[in-house]
Structure formats: structure tokens, C-alpha cells
Amino acid sequence: LQPDNLAIQVDRLLQDKRANRLATDFAAQWFELRSLADRTPDPDRFGSFDDELRRAFRRESELLFLAVQREGRDVRELLDCDFTHVNKRLAEFYGLPHSGNEDVFLRTRLTGDALLRGGLLGHASVHAITSNPTRTSPVKRGKWLLDNLLGQAPPPPPPGNDSFADEDAIDDSATLRQQMAQHRDKSKCAVCHVRMDALGLAMERFDAVGKFRRSDRAGVIDASGELPDGRQLDGLVSLKKLLASDPAFVRTFMHKLFVYAIGRDLRPIDRLRINLEVRRLLELDQITMRDLIMAIVRDPAFSRRIRSE
């Protein structure tokens, strides 16, 4: 296809309802939304959680992805935006208004403190899949952020260092923070935890099923942390700004979309071409999903795949 015809065909396919699979398939895989089905929060601590909420958590995140895809929004709105989609049950869980049929997901404009819910990092889906059954896990949350959003997956922990020494004693955020500090004191653990922990702690005001909390039994929750380069985080607002300004997010999005489209991992020459294209896109004021898709379908790896089928 000639370049003009290629763009026409891409736009036609993106308007087709089958393109919704980018949200229900690609995004669900990328953000690990499928793992929600396996999460079993402790019913004694999180009695409000049930299968209805589980489904609503996932759908909220899929609808955000669809909004960015279909409305030509900047892809960084996946991280931070001023709206979300809720049905009646999820609205009640978040403390948001909902005036329609209880099963219908409505777009809700967020203001004030509710702006924390804007973007994936405010979604209960992400909080739930990165938590333990009885408590939050800043380590899992930090790892999820590094791996899925920044493409910087840390190595697995050394044998015998994949849990805290006194797990049963962790019953509040202050004790958890103390245990994490002791873990970082181990030289073989510190190299990874110094990166993960600050990111995960910035999300600590959301419990293991995504309920917002300012305090727990130990008092006001400390969501602050320091990154290896000295930058400070003090909660979700600063974390969103940090990730949205990091070129690694757009690059990771492009890499994962390439793998989904081509059906294989990036080879060194693919990575070079794609990274150069991302560098060009980062000079634009706005980067849409269409921009990323057009870059991929114009890549030689995509045309070779089509010819071989």
C-alpha cells in the first residue's frame, strides 16, 4: 500500500468495533488485568470485595484505554486524566456520583480529591492486582510500574529473600515501611528495592482492594519516598507527574504494541528503528495511539509479516 492508502486503512480498521480488542485483549494483557480473576482478598478485612466489583475494576480500565484509543487522546492520559468510567457499584465504592442504570458505565468528570482516580494508577484494578490477600505490597506495586509502564523489569529476588522476616507482624503501613527498610539494608536486595520501593510507597494510600485511606491503625499513612537520583515522591499526584514525563512510558507502549502486532519480541534492529521513531514522536505536543500504530505498520517488520502470511 502507498502511504496515503495505508493511513486510510489504519483509520478504517481503528473505527471498526473489532478494534475494541486492543482494550479487552492487548491492554488486559499489558496491564495484567486478567490476573484480577485470581485475586482473593481476605474477606475478613475486605468484605466489600466481590465478583461484581472485580468485573467493574477491569471494565473501568478497559474503558479508559478505549477512550484514549477512539478519541485521539494523548497516550499519557492513560497515566493521568480528569475522568473515569463507573457503574453504580463502582461509583459507590469510590464515593462518586452515578445517576444512570446501575449496570451502565458512565463517564464521570473528576474534581478535587477525586482526581486521584484519573488514570490507571487511580484504578482499583491496579491496586488489587499488586497487593497481597491481607495487605498492600509497595514492592509488587513498584515492580509492576517498572516492568509494565517503564520497561525496566527488575531481576527476581535472590533465593530466600522473596518475603519479609516477620510477615505476620505486618498489620499497618508503618510496620510495613519498617520491614521494607530492613529488607533494603541487605546489600543483595538494596539494588532493586531502592528503585521499586519509593514508587510503590507513593500508592500506599490505596488499600489492597483500591479503597482510598488517609490513615490506618498506626495513624496518618506516609506515602513519601526518595528515588535513587534524589527526586522526592509524596503520593500519587507526584508519581503520576513523574511517570507521565518519563519518555520510557511512550517507548514501552510502542514496544509492547509492536510485539502484539508482529507476534514476536523485538530484535536489536527492530528496537533501534522503533526507538528512533519514539524519539521523533516525543518532539510532538501530543502522541496518540494512532501515531504509535502508524509507526508500527510502516515499519519493515510489519510489511514483511504481512507478505509472509
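Asp 113 has a relative accessible area of 57%, so Asp 113 is exposed. The model discussed here is predicted.

Asp 113 forms a salt bridge with Arg 214, with 2.9 Å from N to O. The two partners are 101 residues apart and link distant parts of the chain. Arg 214 sits in the loop between α8 and β3. Asp 113 sits in the loop between β2 and α5.

## Overall make-up

The protein chain has 309 residues, and 50% of them are buried. Its secondary structure comprises 13 helices and six strands. Among contacts with a separation of 6 or more, 68% join residues 24 or more positions apart.

The accessible surface of the chain is about 15300 Å². Carbon and sulfur atoms account for 49% of that surface.

## Nonpolar core

In soluble globular proteins, nonpolar side chains tend to be buried together. The largest nonpolar core here has 89 residues. Phe 31, Phe 65, Leu 149, Leu 239 and Phe 253 touch the most other members. Helix α3 (residues 51-70) gives this core its largest share, nine residues.

Phe 65 reaches well beyond its sequence neighbours within four places. Its contacts include Leu 22, Phe 26, Trp 30 and Phe 31. Leu 78, Phe 253 and Met 289 also touch Phe 65.

## Other salt bridges

Side chains of opposite charge can pair when their charged atoms come close. The structure holds 25 salt bridges. One of them joins Arg 58 and Glu 62, with the closest N and O atoms 2.8 Å apart. Both residues lie in helix α3, four residues apart, or about one turn of the helix. Arg 58 is partly exposed at 25% relative accessible area, whereas Glu 62 is buried at 6%.

Asp 80 pairs with Lys 240, with the closest N and O atoms 3.5 Å apart. This pair links distant parts of the chain, 160 residues apart. Asp 80 is in the loop between α3 and β1, and Lys 240 is in helix α9. Lys 240 has 3% relative accessibility, under the 20% cut-off, so Lys 240 is buried. Asp 80 is partly exposed, at 34%.

## Surface patch

Ile 269, Leu 272 and Leu 276 form a nonpolar patch on the surface. Together they have about 280 Å² of accessible area. Leu 276 lies in helix α11 (residues 268-281). Leu 276 is partly exposed, with 46% relative accessibility.

Notes. Residues are numbered from 1 along each chain as its sequence is written. This is a predicted model: local features need pLDDT of at least 70, side-chain atom pairs count only at pLDDT 80 or more; totals for chains, interfaces and linings use all residues. Side-chain values use heavy atoms; hydrogens and water are left out. Patches are made of residues with over 30% relative accessible area and no salt bridge: like charges are joined within 9 Å, nonpolar side chains (Val, Leu, Ile, Met, Phe, Trp, Tyr) within 5 Å. Accessible areas come from the Shrake-Rupley method with a 1.4 Å probe; for residues, only the protein chains shown count as cover. A salt bridge is a side-chain nitrogen of Lys or Arg within 4 Å of a carboxyl oxygen of Asp or Glu. Helices (H or I, at least four residues) and strands (E, at least two) are DSSP runs, numbered from the N terminus. Buried means under 20% relative accessible area, exposed over 50%, partly exposed in between (1.4 Å probe, protein chains only). A nonpolar core is a set of buried Ala, Val, Leu, Ile, Met, Phe, Trp, Tyr and Cys residues joined through side-chain atoms within 4.5 Å. Contact means heavy atoms within 4.5 Å.
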